[in-house]
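My notes follow the display.

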Amino acid sequence: MLSSSSSKPPTQQLLQSADLISQGAEAKVYKAYLRQVSTSCLGPDHGAVLEALEPVLLKYRFHKHYRHPSLDASLTRQRIAGEARALMRCMRSGVAVPGIRMVDVNEGVLGIEWIDGKSVRQLLPGGAELEDISELEEADEMDEIHENGAADPIADYGVSRDALMVMIGVEIAKMHLADIIHGDLTTSNMMLRKQTNDLVLIDFGLAYHSTLVEDKAVDLYVLERAFASTHPDSEPLFAGVLSAYEKRMRKHWLPIKKRLDDVRLRGRKRSMVG
Amino acid sequence: MPGRRRESPLKNPSRAYIALGLEGSANKLGAGVIKHAVDGSTEVLSNVRHTYITPPGEGFLPRDTAQHHREWALTVIKDAVAKAKITMHDLDCICYTKGPGMGAPLQSVALVARTLSLLYEKPLVGVNHCVGHIEMGRQVTGAQNPVVLYVSGGNTQVIAYSRQCYRIFGETLDIAVGNCLDRFARVINLSNDPSPGYNIEQEAKKGKRLVPLPYTTKGMDVSLSGILTSIEAYTSDRRYRAQGEPDEESEDIIRPADLCFSLQETVFSMLVEITERAMAHIGSREVLIVGGVGCNERLQEMMGIMAQERGGLVFATDERFCIDNGIMIAQAGLLSYRMGYQTPLAKSTCTQRFRTDEVHVAWRP
């Protein structure tokens, strides 16, 4: 048993040792532990003792058997690399995102930092109960991570609701200033980290690079719709997000604001001609 | 959603209802008669269709298509009524396609419907073409509450039912998948008989080589126009052989069959992917494929594999119900007629733009 598993590639071994947290349409999400050797004690004799286990989140894009194998392989490679690239870009620009721990494009595995905390969705009223069909928020792989919430979960964090909205606005602005479009901004794709209480944007599976005002405005609009559909009476909350975003964007805000107004009028879907 | 099962608003009829459906939103002219019996069962009494087929390399133009419909309308309707063994007086209502579709063909069929309604004093029911497809697909397959992939020459949508409305979760951002396939069939001069899509499917079975094409899914939406441009570009590639036979010696050639194969594999993968995303989002395990492209067996096969991996089921129909037909208009029309819906003569217009989610689905819980 042991010998057969050790002959497998290391990524497969890691997946085998991991706990499945949830499965979405695209990927399975696991929690696993990576050995972390602290730099101060690299002595060969105490290596084993001083290894700390660091939790990581593994996002495994499994094979889609309906797809032609070579198409499937190249798509998986592109998407894993794309997500890692977006995360790197964000990190370089100081956006709070999970750190990258490992990338294996051939196996389709992306390992990122485990964020200990709650999603913003669970911290806001209305987010705890699952809507049956809410149009804009994707069935998210991260949803099920922390399910049991207290009466007012946000109180545990010592962060006021308004302060949380400011943090959201600032992080999105930082991301947009780096020309990264998240592609799926919802309250379940943001987490508040325990202890440090900072806001982390997660799930860059649909992220891409764009300098267009249009794309940034649509990104904001998607979040607006997600707020409206998940959290009842959240208009003032979203207004808080926008005003923090505005402050951070400075001169870039005006064109985005104009376009956002357009996008709102337009709605998400245009009429399709038969 | 457990514990939410509400009673169907549609009660079994006190007597049998019969409806005539007229469809002509694109190049197919269809007439069908459907019967809803007292025990709640549904029976297709007749389903007649005549297709306007253009020479290879040509698409159908609105004016010529409308002319075809005008020429054939009476023959097709008479045939449908005769096959159903009824007379026009037995009908409860006349259902016609209100939209979406090509303007001129829609108008000519709506005119026929109006005339018949006045002649025989039968109420009119305007029907959304897409809802017709969905209702007929549900009726034929018995799928209860599926995610619907509606793929045809004019539409590409992922739809799910929620609160008396067919909500569009994802759709094409530019051209429809059938349009993409048909136009490529024209480029490589495939026959339009019985349909360009069918001939692409047959050709693709001979293809082996997968050429790289763009793969553009955006959330639950897809974009197809770039793929059409790319695949067309391959026909002027140096390696392209229009008459290419499978040749063992020269490896590096691209045959039309390879292009058909690559096009299908890429486009259908995208469609299955967005359908799967919608299923995961809603938590549904059933998929129903409707629309003309829905009779493509490769698409059905890929959808089947996906559904199986999710522990779900795929429902699809054959060409009688997948391809545009009159019976689906009769089915959807009769359902809304039984809920008390009628289209007064003054409002019996048709429209090229009529979204699936604009229809109030009164007959479902």
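I worked from a predicted model, in which local features need pLDDT of at least 70, side-chain atom pairs count only at pLDDT 80 or more, and totals for chains, interfaces and linings use all residues. Residues are numbered from 1 along each chain as its sequence is written, and chains are lettered from A and ligands numbered from 1 in the order in which they are written.

Sheet. I found five strands of chain B in an open sheet, ordered β8-β7-β6-β11-β12, with mixed pairing (strands pair if DSSP finds at least two bridges between them; helices, H or I, of at least four residues and strands, E, of at least two are DSSP runs numbered from the N terminus). The edge strands are β8 (166-171) and β12 (313-316) of chain B. I noted that β6 (147-151) and β11 (286-290) of chain B pair in the parallel sense over four bridges. B:Leu149 stands opposite B:Ile289 in β11(B).

Helices on the sheet. α7(B) touches β6, β7, β8 and β11 of chain B (contact: C-beta atoms, placed from the backbone, within 7 Å). Its direction makes about 155 degrees with that of β6(B) (angles run from 0 to 180 degrees between N-to-C directions; axes are lines fitted to C-alpha atoms, for helices over the stretch in contact). Helix α8 (297-309) of chain B touches β11 and β12 of chain B.

Helix pair. I looked up α4 (177-187) and α7 (256-282) of chain B: they pack at about 175 degrees, axes 11 Å apart.

Notes
Two residues are in contact if their C-beta atoms, placed from the backbone, lie within 7 Å.
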